[in-house]
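Please have a look at the model first.

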Amino acid sequence: LLTLLRTFAPVEKVFPPEAMKQLHLERAAEAEALDDQNNSGTVVVHAETKMTVQSEEAKKDGATEADMLFIMFAVDVFKHFDTDDSNVLSVPQVRNAFTYFNIYMSTGQVIKVVA
């Protein structure tokens, strides 16, 4: 999971003022096409803007925002139950995670599942 997140995680990218102006103009054109009455059409950008965007790897592999949200949720769950920060879940930690999601298994059953 952590490898997936590192590979497909959104990245911060700095956009120069001209790129931001172009982005705003594209959004304004989309809004106009949708007949958005709240669009003023005025774009003033004076500074670089840092935004979180989809990584090139995620674009290449077709990872969607829903995929990323699921991976991020799974990583959060993993980190919550990795109580010793080993980046590996032990059988008791997996069992605790399952129990959290109302999946009740004996230690022996969990061993069979993760083996």
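How are helix 5 and helix 6 oriented to each other: roughly parallel or roughly perpendicular? They are roughly perpendicular, a class that covers angles of 65 to 115 degrees. This is a predicted model, in which local features need pLDDT of at least 70, side-chain atom pairs count only at pLDDT 80 or more, and totals for chains, interfaces and linings use all residues. Residues are numbered from 1 along each chain as its sequence is written, and side-chain values use heavy atoms, leaving out hydrogens and water.

**Helix packing**
- Helix 5 (residues 91-100) and helix 6 (residues 107-114) pack at about 100°, with axes 9 Å apart; helices here are DSSP runs (H or I) of at least four residues, numbered from the N terminus, and axes are lines fitted to C-alpha atoms over the stretch in contact, with angles from 0 to 180 degrees between N-to-C directions.
- Helix 5 brings Val 91, Val 94, Arg 95 and Phe 98 to the contact, and helix 6 brings Thr 107, Val 110, Ile 111, Val 113 and Val 114; contact means heavy atoms within 4.5 Å.

**Aromatic rings**
- The whole structure holds three aromatic pairs (ring centres within 6.5 Å; edge-to-face means planes over 60 degrees apart).
- Phe 73 and Phe 101 pair edge-to-face, at 6.3 Å centre to centre and 75° between the planes.
- Phe 73 lies in helix 4 (residues 65-81) and Phe 101 in the loop between helix 5 and helix 6, 28 residues apart.
- Ring pairs join Phe 73, Phe 81, Tyr 100 and Phe 101 into a cluster.

Methods: Helices (H or I, at least four residues) and strands (E, at least two) are DSSP runs, numbered from the N terminus. Angles under 35 degrees count as roughly parallel, over 145 as roughly antiparallel, 65 to 115 as roughly perpendicular and the rest as oblique. Rings of Phe, Tyr and Trp (its six-membered ring) pair if their centres lie within 6.5 Å; planes under 30 degrees apart count as stacked, over 60 as edge-to-face and the rest as tilted.
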